[in-house]
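Please read them with the coordinates open beside the text.

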Amino acid sequence: MEKGEFLNKIKEINPKLNMGLLEKAFNYAQFAYYGQRRLSGQSLLDHCLEIALDLAGINLGSSVVVAGILHEALERVKVNREEFKKKFGDEISFLVEGVTNTSKVEHKGAQRSIENLRKLFLATAKDIRVVMIKLINRYHGMKTVGVFDEAKQKRIAQETLEIYAPIAYRLGMRKISGELEDMAFPISWPEKYAWLVEKVKDRYEEREKYLKKLTPIIKKELEKAGIDPIEIHSRAKRYFSLYRKLNRYQMDLNKIYDLVALRIVVKDVDECYAALGVIHKLWKPLPGRIKDYIALPKPNGYRSLHTTVFCPGGKITEFQIKTPEMHREAEYGIAAHWYYSERKGLREYIRRFFTKAPDKEMRLMQQLQQWQKEMAPGTDDFFQSVKIDFFEDRIFVFTPQGDVIDLPEGATPIDFAFHIHSEVGQHCQGAKVEGKMISLDTPLQNGQVIEVITQKQAHPTSDWLKFAKTSQARNRIKSWLKKNRADSGEAEEVKKETPKIIQPKQPAKPKILAPSALVKGDPKITTALANCCHPQPPDAIVGYIAVLNRRVTVHRSDCPNLKRLKDKNRFVEVDWKK
């Protein structure tokens, strides 16, 4: 692709982008990628430009689009990092480094914990923008996955189904998620895919024809009610999504009512509900099949009204009703949230800081939306400073076999060994990281491969308790020491940490509770004492609302860190619990 053609396409997609910066990136990439080709035969430059165009298409900022152009520079071309940073600045360098680092996260077999792989990917990325570049990159990579041998195709497809597509779905990027799944499905399970395509081919065609006949009928009725629909079109269910749903219905296609649904786009929420009324007046709804995802959105932020009705000829048909904003959010997810905020100004500030604790699967999207509401618009890149820090107190390390182990920050080889098995921990003599010996008290780092060295004569010592972080490791060390009492020093260590049992006849001692604080006006709100200033009764204290973990952090009133907390609306009154 020539420079003029690329810049013209970018202008058509998003004229607000920094064209000077994009031209500078193009010139640099043209030089850096010169002569480089992918296995598919496509030039590396064209591949990166296609990714940049897609990133611009979902309204991401200039820095992200430039990072899309240059994301192969550090890994494939191996340009000088310091020179690169001087030329394009810290932010773009950070994004490109992030994409490079996430390339090291690979699926190497069924033994790995899939959820931990997703966490490792997010923790390595550190920034939502990096995740989005990587998702678009994977989408383009799946288009040419056929150039690899069968084993590598299956690994890449499995990664796509188990890591990338679920993360795209959690971000609300349904279009990318669906396309990734449909490209990976026939590679991972070719027989199941072939069976499904054969089963539904005629049904898809039949439903498409039927809905074309329904469209003018529903349009006429909506116009009679004063609703001018922006768009009415059919939406065929994706193959992998259909296969998952069939698994819940014993593979019975007759129980799938949304094989092909009719989607109605209207101007606002009021018209959504009005259109729902028109449909129900026209045709009888199927009991229990009306879903209001506007009042109660899905965990990934999806909003729409769904209803299933008995249409002419007894055909059970699903309708989906939404606004243009909801439709865009359904396609592009969190990117669309920022896009609409830039156009319309910030939505209402957070109404409530405290809600019922969400399920594990809901937290990611809700935290992202929380950031979106709090960030100020008007910057060149609205995603600036959006960091993935909800895993900041965790590390993810590998066994030599490729299993991912989730440990607290500061964990050591001892914690790793006991996590593998109690026998491994009890006979741990040493550990290797990337083939190099390390001491047992060395804190582990994200992404390291750890190998535990064991010996039959090795056993726990009381010193291990000084640096073991996990309760699992500490409990097993104490248990071994208590049982074996290898020497008097170890026996004394256990004795100190094991409280004596109070005899029933003796008067019960008063229970001393750890100090805690209450939020004035709502004692049910969770609080935690700040680690920076360690407040203790009777210190004067103040509370600060921590949005990510949904609790109040209690600081001393004179804590120096409070001066850096600029949002005064998040300070609350607290008092010591008696």
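1. His534 sits in the loop that runs between strand 12 and strand 13, and in this predicted model its phi is near 45 degrees, a positive value in a residue that is not glycine. Most residues other than glycine have a negative phi, and most peptide bonds are trans. The relative accessible area of His534 is 53%, and because the cut-off for exposed is over 50%, the residue counts as exposed.

2. The loop between strand 12 and strand 13 is also the place of Pro538, and the peptide bond that leads from Pro537 to Pro538 is cis, with omega near 5 degrees. A reader checking backbone geometry may wish to look at this bond together with His534, whose phi is positive.

3. Strand 13 (residues 541-546) runs antiparallel to strand 15 and is joined to it by 2 bridges, with Gly543 standing opposite Val572 of strand 15.

4. Strand 4 (residues 305-311) has 6 of its 7 residues buried, so the rest of the structure largely encloses it. Strand 4 pairs in the antiparallel sense with strand 3 (residues 291-292) over 2 bridges, where Lys291 is opposite His306 of strand 4. Strand 4 also pairs with strand 5 (residues 315-322), again in the antiparallel sense, over 7 bridges, and here Thr307 stands opposite Phe319 of strand 5. Strand 4 and strand 5 make a hairpin with 3 residues between them, and Gly313, in the turn, has a positive phi of about 80 degrees.

5. Which residues have the most contacts inside the largest nonpolar core? They are Leu70 and Phe319, and that core has 97 residues. With its neighbours within four places in sequence left aside, Phe319 is in contact with Leu214, Ile218, Leu262, Ile264, Ile279, Trp283, Leu305, His306, Thr307, Val309 and Cys311.

6. At the start of helix 2, Asn18 has a side-chain oxygen that comes to within 3.2 Å of the backbone nitrogen of Gly20. The backbone nitrogen of Asn18 is in turn reached, at 2.9 Å, by the side chain of Ser62, a residue found in helix 4. Ser62 has 1% relative accessibility and therefore counts as buried.

7. Not counting residues up to four places away in sequence, Glu72 touches Tyr33, Leu44, His47, Cys48 and Val77.

8. Helix 8 (residues 128-143) has 16 residues and reaches 23 Å from its first C-alpha to its last, which is close to the 22 Å expected at 1.5 Å a residue. Of these 16 residues, 14 are buried, so helix 8 is largely enclosed by the rest of the structure.

9. For the chain as a whole, there are 21 helices and 16 strands, and 47% of the 578 residues count as buried. Among contacts between residues at least 6 apart in sequence, 65% join residues at least 24 apart. The accessible surface of the chain comes to about 30100 Å², and carbon and sulfur atoms account for 50% of it.

Technical notes
Residues are numbered from 1 along each chain as its sequence is written. This is a predicted model: local features need pLDDT of at least 70, side-chain atom pairs count only at pLDDT 80 or more; totals for chains, interfaces and linings use all residues. Side-chain values use heavy atoms; hydrogens and water are left out. A nonpolar core is a set of buried Ala, Val, Leu, Ile, Met, Phe, Trp, Tyr and Cys residues joined through side-chain atoms within 4.5 Å. Buried means under 20% relative accessible area, exposed over 50%, partly exposed in between (1.4 Å probe, protein chains only). Contact means heavy atoms within 4.5 Å. A polar contact is a pair of N or O atoms within 3.5 Å; within protein, one must be able to donate a hydrogen and the other to accept it, and residues adjacent in sequence count only if both atoms are side-chain atoms. Helices (H or I, at least four residues) and strands (E, at least two) are DSSP runs, numbered from the N terminus. The expected span of a helix is 1.5 Å times one less than its number of residues. Two strands pair if DSSP finds at least two bridges between them. Accessible areas come from the Shrake-Rupley method with a 1.4 Å probe; for residues, only the protein chains shown count as cover.
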